[in-house]
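Subject: A structure for you to look at

Hi there,

Here is the structure I promised to pass on. Please open it first, and then read my notes below.

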Amino acid sequence: MENFLKAQRGSHVNGISELKTYLHRFGYLLSENANFTDAFDVTFESAILRFQSNLGLSLSGKLDFDTVSQISAPRCGVPDTIFSTSTFTLHGTTRHYAYFPGKPRWARRMPMKLTYAFSPDYTIRYLSSSQIKAVFKRAFARWASVIPVSFSETEDYVYADMKIGFYSGEHGDSEPFDGVLGVLAHSFSPENGKFHLDAAERWAVDFGTEKSAVAMDLESVATHEIGHLLGLAHSSVKQAVMYPTLRPREKKVDLQLDDIQGVQALYGSNPNFNVGSLSESDISTNQALNLRSTTRLSSISAIASFWFFLNLIHFFSSM
Ligand SMILES: [Zn+2]
Ligand SMILES: [Zn+2]
């Protein structure tokens, strides 16, 4: 970390090549050649700036603590939407929700009814099917409460609009999963409907009984990925459900104003929804979007994930 903190344009620091691989993987570094060096060059610096802008971090262009901590955090496999250079300035960007290129959404008559099903073959054994179904029912219900779209589970996997499954490693869509932590899940923009979770994660439905330090909250990830299925890309608002990273044992299931505004711009509002139904804390969180969290808890989890990152670097360099 010391070395990263001091690094700037012109430096060579062990581990920068792995950071470049990450930035390339998520769409920040465009390069034909994936053999990256440890040089902190101009291209790397601008990739860091774009990453910082997309993740709502301060735009230092350096490997500061927040930046390295976000790079080391478990995350969604969907690449982040890159803002065009015209809207990206050093003086800040608007932090909010985003869409996929072309702004795709499900085009059905309103009120819309969509179905989802679980793959009978690609599943995990340590959670019961009723536990998994209950989690997804709650996750779909959150989105349904804000837009005029309803979701129902069907047994008919082949004809379901949205298809959910747990997969390991390479699984046929050239977006292989990477084992414990790292990439957690990915799903596709409308009207594809595919929702894939990394079967190698320790998925939790209840942190009271699941004690693993690397456990990931299934409901938080389900809620996030459903946002993609509906047409939302990643948000740069840290508190939003559509933010790309999630810490082990973190629960983030309540839609924030940013998520709601984003999805309502695609589908309109559920007639029964009113902003007043958001709790006081949701509203104040949303109002404090641009304030950096300085709680002790968040720095502890950042340190924990940096520890994970060091191990990752060690793993890569021993390969
Ligand atoms: Zn995502
Ligand atoms: Zn996949």
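Let's start with D161, where an unreviewed UniProt entry places the feature "binding site". UniProt positions follow the numbering used here, feature names are shortened, and annotations may be inferred rather than shown by experiment. This is a predicted model, in which local features need pLDDT of at least 70 and side-chain atom pairs count only at pLDDT 80 or more, while totals for chains, interfaces and linings use all residues. Residues are numbered from 1 along each chain as its sequence is written, and chains are lettered from A and ligands numbered from 1 in the order in which they are written.

Where does D161 sit? You'll find D161 in the loop between β2 (149-153) and β3 (162-167). Strands (E, at least two residues) and helices (H or I, at least four) are DSSP runs numbered from the N terminus; the chain has 7 strands and 9 helices.

D161 counts as buried because it has 20 C-beta neighbours inside 10 Å. The cut-offs are 20 or more other C-beta atoms within 10 Å for buried, 12 or fewer for exposed, and partly exposed in between, with C-beta atoms placed from the backbone. Of the chain's 319 residues, 35% are buried.

Beyond its neighbours within four places in sequence, D161 contacts L114, T115, Y116 and G193; a contact means C-beta atoms, placed from the backbone, within 7 Å.

Finally, confidence: pLDDT is the predictor's confidence in each residue, from 0 to 100. The chain's mean pLDDT is 86, and 83% of its residues reach 70 or more. Over residues 84-91, though, the pLDDT is below 50.

Happy exploring!

Notes. Contact = placed C-beta atoms within 7 Å.
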